[in-house]
Amino acid sequence: LRFSLCTLASVRLCVFALMVFPPGVAACGIMGGKKKILTPVRWRELFAEELRFMSSHIEWLSQIRAALFDMDGVVYVGKRPLPGVQAMFDYLDASGHGWLCITNNASMTSQQFSDKLHAMDIHVPPERILGSSEATAQWLAEQVEAGWPQGKVYVNGMEGLRVALQDKGFVLTTDPFAAAYVVSGANFNLTFNDLAEAALGIRNG
């Protein structure tokens with residue numbers, strides 16, 4: 001979708017230009033990596049083009065029934081919430097649109113992510129969060145139910161991945177030679193020994 005932060009930035013820049021540049025004064029901008037002189041007339045033309053583009057997509061956007069949001073960098077950055085996020089979630093709830101926060105960060109469970117967001121005054125229940133830790137545990141449990149062998153799991157990852165696997169009934173082991181499965185996720189305390197034991201478990205079959 002072309003409508004993006006870049007588009008918003010272009011519109012804001014054009015509005016700024018319309019406000020600050022008097023008639024006949026040219027503005028210097030960067031377009032396509034080259035410096036170009038943009039007259040007030042050209043600024044107005046660019047602004048009109050952006051408005052036409054956004055207007056043409058309003059109908060398409062109104063047909064969206066649900067939205068998926070990445071988390072770090074979209075909902076928050078580090079421990080800092082991005083502005084307008086809670087208002088956006090409230091609007092989606094009020095308007096009957098479905099939404100879900102998703103992340104490939106397997107270091108925490110959905111409940112832990114919910115607690116983290118709550119500390120930033122963003123209120124998202126755990127059932128509105130799908131993390132790769134629980135997605136992996138769910139997928140592996142489905143494979144075992146479909147006929148894969150029962151067995152212990154060696155985990156190279158953080159507590160969130162361990163908890164998710166245990167919640168699905170898996171027994172964890174620190175012995176790679178006793179493991180039927182090796183599951184690896186985000187590990188912020190990774191050591192060479194962790195990688196070596198995971199590799200041994202995989203090689204052991």
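Helix axes here are lines fitted to C-alpha atoms over the stretch in contact, and the angle between two of them runs from 0 to 180 degrees between their N-to-C directions. Two packed helices are described by the angle between their axes and the distance between the axes. Keep that in mind for what follows. The model is a predicted one.

Start with a pair of helices. Helix α5 (132–145) packs with helix α6 (residues 159–167) at an angle of about 30°. Their axes are 8 Å apart. The crossing of α5 and α6 is right-handed. Which residues meet where α5 packs on α6? From α5 come Ser 133, Glu 134, Ala 137 and Leu 140. From α6 come Gly 160, Leu 161, Ala 164 and Leu 165.

Thr 109 sits in the loop between β6 and α4. Residues up to four places away in sequence aside, Thr 109 touches Ser 133, Glu 134, Gly 160, Val 163 and Ala 164. Is Thr 109 buried or exposed? Its relative accessibility is 7%, so Thr 109 counts as buried; the cut-off for buried is under 20%.

Now turn to a sheet. Three strands form an open sheet, and their order is β3-β6-β7. The pairing is parallel. At the edges lie β3 (66–70) and β7 (129–131), each pairing on one side only. On average, neighbouring strands of this sheet are turned by 25° against each other, direction ignored. Strand β6 covers residues 98–103 and pairs with β7 over three bridges. Thr 103 stands opposite Gly 131 in β7.

Two helices pack on this sheet. Helix α3, residues 85–94, lies across β3 and β6. It runs at about 140° to β6. Helix α4, residues 110–119, touches β6 and β7. The direction of α4 makes about 125° with that of β7.

Look at α4 side by side. Its buried residues are Ser 110, Phe 113, Ser 114 and Leu 117. They cover an arc of only 100° around the axis, so they lie on the same side of α4. What do the buried residues of α4 pack against? They pack against β4 (76–77), β6, β7 and α5. The face turned away from the buried side carries the exposed residues His 118 and Ala 119.

After α4 comes Asp 121. Asp 121 belongs to the loop between α4 and β7. Most residues other than glycine have a negative phi. Asp 121 has a positive phi, near 65°, and is not a glycine. At 53% relative accessibility, Asp 121 counts as exposed, because the cut-off for exposed is over 50%.

Glu 127 lies in the loop between α4 and β7. Its relative accessibility is 61%, so Glu 127 counts as exposed. How far apart are Glu 127 and Ser 110? In sequence they are 17 residues apart, while in space their C-alpha atoms are 7.3 Å apart.

Arg 128 also lies in the loop between α4 and β7. Side chains of opposite charge can pair when their charged atoms come close. The side chains of Arg 128 and Asp 93 meet in a salt bridge, at 3.2 Å from N to O. The count of salt bridges comes to one. Asp 93 is in helix α3, and the two residues are 35 residues apart, so the pair links distant parts of the chain. Arg 128 is partly exposed, with a relative accessible area of 24%. Asp 93 is partly exposed too, at 42% relative accessibility.

A further sheet remains. Three strands form this open sheet, in the order β9-β8-β10, and the pairing is parallel. The edge strands are β9 (172–173) and β10 (179–184), and each pairs on one side only. Strand β8, residues 152–156, is joined to β10 by five bridges. Asn 156 stands opposite Ser 184 in β10.

Helices lie across this sheet as well. Helix α6 lies across β8, β9 and β10, running at about 165° to β8. Helix α7, residues 192–203, lies across β8 and β10. It runs at about 150° to β8. Helix α6 therefore has a place in two parts of this account: it packs with α5, and it lies across β8, β9 and β10.

Terms used. Residues are numbered from 1 along each chain as its sequence is written. This is a predicted model: local features need pLDDT of at least 70, side-chain atom pairs count only at pLDDT 80 or more; totals for chains, interfaces and linings use all residues. Side-chain values use heavy atoms; hydrogens and water are left out. Two strands pair if DSSP finds at least two bridges between them. Helices (H or I, at least four residues) and strands (E, at least two) are DSSP runs, numbered from the N terminus. Contact means heavy atoms within 4.5 Å. Buried means under 20% relative accessible area, exposed over 50%, partly exposed in between (1.4 Å probe, protein chains only). The arc is that of the directions from the helix axis to the C-beta atoms. A salt bridge is a side-chain nitrogen of Lys or Arg within 4 Å of a carboxyl oxygen of Asp or Glu. A crossing is left-handed if the near helix is turned anticlockwise from the far one by less than a right angle, and right-handed if clockwise.
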